[in-house]
Every structure is written in structure tokens, then in C-alpha cells.
Amino acid sequence: MSSVVSSQRVLSGMRPTGRLHLGHYHGVLKNWVRLQHEYECFFFVADWHALTTEYENPQRIEQNVWEMVIDWLAAGVNPGSCTLFIQSRVPEHAELHLLLSMMTPLGWLERVPTYKDQQEKLKEKDLATYGFLGYPLLQSADILMYRAGLVPVGADQVAHVEITREVARRFNHLYGREPGFEEAVAAAVRKMGKKQAKVYQDNRRKYQEQGDENALETARALVMDQQNITLGDRERLLGDLEGGGKVILPEPQALLTPASKMPGLDGQKMSKSYGNFISLREEPDSVDEKIRRMPTDPARVRRTDPGNPDNCPVWQLHQIYSDEQTRQWVREGCTTAGIGCLDCKKPVVEAVQAELEPIRRRAEEHTRNPDLVRSIVADGCEEAREAARATLEEVRSVMGLNYR
């Protein structure tokens, strides 16, 4: 395990909220299914994070965990293509969180935008706890534990990746300066050979003196291509490039994901709290009924009244599920009163049913075989622990905690 592989590693998690709906599928799971074939992915159930707001009601978490994992598997998250685990089953997360808390300034946590926003939104809960204040640092520990180079987030979550970068930078600055660091870097440069050593030093100087980002990337690529230096030397050279120490915890990058375009049945964002959702395991009759009962353009009081699709929540679903020809048919039929609202809804019903049918089928298979689901998670937890132990071993070492 090393920072060298971090650029190809993705880390993402979800709080266990029970069964998932189409908003989760279009906003997160479809992206995970794609990423698992492009990167080394770690996907985890963030059950400790759930406790930051639900510490008074922990009894619901266990069932929510397994319901959510079944939906992940049903949606196409493949344990053969990714590592799927539960946060609390990898206790190293808690230790890294604790160690990082020793060197993280309090002000960094207080200025995370979602801290005050969430307190305002969840006024009915007592969130004046350390756990709630510290949850961005627990997120940082989650990411840094696996030295993940990429973290898929929406625009509203970029601040959480940024604080993780700051924490990693501070940690490397404090603990990456091993005794004899400069001498070790000089020895590593010599191993590159005269020609490549000169290219490295020239680009290092351009970056450090002029802030030339292209020079930084050139030097990094040169280091990564070296075949005759050790892993430790490679990390020292990467750390030396930016004037710091050895890179122990690499800084992750936010992998921006498009905002979910999945609207709820009333046109608002799909959410359990709004009651406007279709779950991934929704029965076909229920799907049919929910879509048929959707509100439409209020101007269409009678079948003969023309309407405006832009004022209709059903039109938003056509943007996701219908092709251009169908959308043209809907717009023309609605604005001329050539079709009724039930006619308009029929293609959406058919498309949603087609999308959910294989998900329902796979979910049913997993529901009938809970031992297999638990076995999948157990294997993933062991894989995650192996990676976590390697990181924590190095963290303990540089912090002087490996004495016996």
C-alpha cells in the first residue's frame, strides 16, 4: 500500500438510511457502477457517521445497513470489482480519526460550511456534540486511511475534500520530516542517473520558484517512471517536490459528479422526508399508481385544455427516461391538447418499470440469501482492514507510537 497507487483509488460511502430510491440510484449508484470498472474502488456503509445525528436512535441502524447493502448489490455494485465494507467493522478508522484529531485545529472544523447549515436544518436534534463537530475529520480519516486519490462528490461536498487535503498536508509537514530527509532525497536523486536527475531538479526549481504547475507534473511523472528506486525513495521525492516531507497521507482530489437530476413525484428533489419517492424495490402496481397520480400542469383542468410541459413534474421525468422523439410527441400533444395527461405518463411508467425490473429481481435473490450478503460484506471488511492496517502502521511509526 502506498501513495503511489492512490491516483487510481476511489473512496466513497453512504450513511445507512434503509431502502434506497431512484434519487440514490441516479445520483450515486449508477456512478459507482461505472467507477468500479475504471478504478480500484472502496465503497463503505458509513454507520458511524449515522450516529452523529442519530445517536439517540441507534436501534434502526442495523436493519438500515443490510437493506442498503442489498440495494447496492441489486443496483449493480459488484463485490468482484470493488471492496464493499462497513465502516465500524474496520476499527482502524476510529484510531486514525483520534490521531488526526490531535493535530487538527478546532477552527478548521467550525468553518466547514455544512456544520452550521445542518445544525440549522436539524434544529429538533441536539447536535452540540463533539461527534457532530468532528464528523468532517472522521470523513478525512475514512479517505486518508485508504490513501484514496479520488473522492466522488457533488459540488456541495467539495469543502469536505478540501479539509481532508489540509489535514493531509499538515500531517505530512509535521511527521514526514524523517531524520536525514535531505540526505535521503539527495541519494534518491543520484539513483535516477545524471540526465534524469537534472530534469527532476530543473522542474522542481521551476515549480518552487515560479509556481509552474506543468513543471510539477513533469517532475512527478518522471519520479513515477523510475524503475531503480525504492518505494520509500519515490515517496520522499514526491514530498520533496512541494517542499514538504515524505508523503505519508496523499492529498485526495474531488471527483465532481453531476448533480442528480432525478426529481420527486411532486417536482421537488426526491426525498424520503418529502414522501415523493419511488424505491428501488417498489412493487410494479405501486410504481404504476404513484406515477399515474402525479400532479400535472395546473392549467390543464379539462382534457381539452392545452398545457405547458415546463410547468409539469411529469415532464422532468421525460427528461430522464424518454428519447428525443418521445419528448417531441409529449410537447406537441400537451400544448395542443392532443394527448391527455395519462397518455403522457404512459411512456414514463414503462421506462421506470423497465429500469426497476432487474433491480427488483436481484434484490429478491439477495433478500432470500442473507448469509451470502453477510459473507460478501465480511470479505470486503477483511480486505479493507488489510489496507487500513498498512496505512495505520506507517502513521503510528512516524508519530513515534510503534514502541512495544
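Two residues are in contact when heavy atoms lie within 4.5 Å. With that cut-off, H366 touches I70, L73, A74, L372 and V373, leaving aside residues up to four places away in sequence. The model is predicted.

**Whole protein**

The protein has 404 residues, and 49% of them count as buried. Its secondary structure comprises 18 helices and five strands. The C-alpha trace spans about 85 × 45 × 40 Å along its principal axes. Among contacts with a separation of 6 or more, 77% come from residues 24 or more positions apart. The accessible surface is about 19,900 Å². Carbon and sulfur atoms hold 50% of that surface. On the charge side, there are 52 positive and 58 negative side chains. The centres of the two sets lie 2 Å apart.

| Residue | Location | Relative accessibility |
|---|---|---|
| R147 | loop between α8 (135-145) and β4 (150-153) | 1% |
| H366 | helix α17 (residues 341-368) | 15% |

Buried means under 20% relative accessible area. R147 has 1% relative accessibility, so R147 counts as buried. H366 has 15%, so H366 also counts as buried.

What does the side chain of R147 pair with? A polar contact of 2.9 Å joins it to the side chain of E394.

H366 sits in helix α17. One of the residues that H366 touches is L73. H366 and L73 are 293 residues apart in sequence, yet their C-alpha atoms are 8.1 Å apart in space.

Technical notes. Residues are numbered from 1 along each chain as its sequence is written. This is a predicted model: local features need pLDDT of at least 70, side-chain atom pairs count only at pLDDT 80 or more; totals for chains, interfaces and linings use all residues. Side-chain values use heavy atoms; hydrogens and water are left out. Helices (H or I, at least four residues) and strands (E, at least two) are DSSP runs, numbered from the N terminus. Buried means under 20% relative accessible area, exposed over 50%, partly exposed in between (1.4 Å probe, protein chains only). Accessible areas come from the Shrake-Rupley method with a 1.4 Å probe; for residues, only the protein chains shown count as cover. Lys and Arg count as positive and Asp and Glu as negative; His and the chain ends are not counted. The place of a charge is taken as NZ of Lys, CZ of Arg, CG of Asp or CD of Glu. A polar contact is a pair of N or O atoms within 3.5 Å; within protein, one must be able to donate a hydrogen and the other to accept it, and residues adjacent in sequence count only if both atoms are side-chain atoms.
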